[in-house]
Amino acid sequence: MLEVNDVHKHYNKAGAWLRRERQEVLRGVSFSIRQGECAGLVGESGSGKSTLSRIVMGLEAPASGTVRLEGEAIAVWKKRNRGQMSVVFQDYTTSVNSRFTVSDIIAEPLEKGGKEIKERRIRNLLEQVELSPLLSNRYPHELSGGQLQRVCIARAISTQPRFVVLDEALSSLDVSVQAQVLLLLRQLKQELNLTYLFIAHDLQTITNLCDKVLFLYKGTIVETLPSSQLYGAKNEYARRLLNSVIAFEGVGRECEKEAGRWR
């Protein structure tokens with residue numbers, strides 16, 4: 001579905017325009033995601049996760065390297081497949097228009113159609129994300145954070161996309177709400193055969209949803225592992241990150257337990 005090959009990205013350092021000093025953000029990033037797979041991208045702040053997500057979505061161009069969806073350049077693929085890529089952002093409050101109702105928010109990316117058809121589609125989408133259709137006329141400030149993020153997810157799947165980027169989509173939510181939304185995302189992935197790029201700094205969140213984990217460190221993918229085999233990490237940074245979550249000696253046992261519980 002997605003192929004990222006040897007992507008580099010840099011920016012000019014602040015105040016260094018005349019000296020042409022550059023800050024390298026991504027250094028030869030390569031990975032792929034199969035159709036129907038969820039790949040989790042984990043890394044500390046400043047590792048290049050957000051820059052990489054913008055490049056994958058076609059919002060920025062790499063300095064060098066390629067990004068292809070189903071074998072086509074990202075710009076060509078998006079033009080030929082309108083609405084087939086969606087994104088759910090971290091800040092659900094700024095990613096919606098505060099003057100829109102829930103119904104307006106979800107209907108925003110939908111093609112023009114009859115009022116009854118749209119209303120029926122919106123009701124179905126609200127039910128898919130386990131929200132009551134009675135919320136359709138409420139405004140963002142009248143919803144909880146978890147409810148509003150579910151509205152954003154409903155909007156993201158309204159065009160029946162095949163590829164969804166989740167950019168720190170859960171990090172602003174309470175832990176209990178995160179668990180509920182994770183279950184929802186897993187269910188939607190299975191029902192709709194979605195392909196996810198799930199970006200987060202929380203390794204536990206990623207392993208609960210994703211099929212494999214990509215460790216991004218200082219702009220480079222230093223390790224790629226199946227979620228159920230994190231105990232096999234060899235890279236020092238990946239091991240250190242795993243140790244920060246759970247004692248490394250117990251990772252194998254815990255991963256097997258998690259794999260059985262979530263799969």
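**Close-up views of a predicted model**

View 1. Helix α1 (residues 49-56) lies across β1, β2 and β4 and runs at about 120° to β1. Contact here means heavy atoms within 4.5 Å; axes are lines fitted to C-alpha atoms, for helices over the stretch in contact, with angles from 0 to 180 degrees between N-to-C directions. Helices (H or I, at least four residues) and strands (E, at least two) are DSSP runs, numbered from the N terminus. A word on the model before we move on: it is predicted, so local features need pLDDT of at least 70 and side-chain atom pairs count only at pLDDT 80 or more, while totals for chains, interfaces and linings use all residues. Residues are numbered from 1 along each chain as its sequence is written, and side-chain values use heavy atoms, with hydrogens and water left out.

**View 2. The open sheet, strand by strand.** Four strands with antiparallel pairing make up this open sheet, in the order β2-β1-β4-β5. At its edges are β2 (22-33) and β5 (72-73), each pairing on one side only. Two strands pair if DSSP finds at least two bridges between them; β1 (residues 2-12) and β4 (residues 64-69) have five. Look for V4, whose bridge partner in β4 is V67.

**View 3. Two nonpolar cores.** The largest nonpolar core has 52 residues, and L185, Y196, F198 and F215 have the most contacts inside it. Such a core is a set of buried Ala, Val, Leu, Ile, Met, Phe, Trp, Tyr and Cys residues joined through side-chain atoms within 4.5 Å. Helix α5 (residues 145-157) gives the most to this core: seven residues. A second, separate core of 27 residues includes L2, V7, L41 and L69.

View 4. E37 and K212 form a salt bridge, their closest N and O atoms 3.7 Å apart. The term asks for a side-chain nitrogen of Lys or Arg within 4 Å of a carboxyl oxygen of Asp or Glu. E37 sits in the loop between β2 and β3 (38-42) and K212 in strand β9 (residues 212-217), 175 residues apart. E37 is buried at 6% relative accessible area, and K212 is buried at 14%. Buried means under 20% relative accessible area, exposed over 50%, and partly exposed in between (1.4 Å probe, protein chains only).

**View 5. R150 with E130.** These side chains meet in a salt bridge (3.7 Å, N to O). R150 is buried, at 8%, whereas E130 is partly exposed, at 48%.
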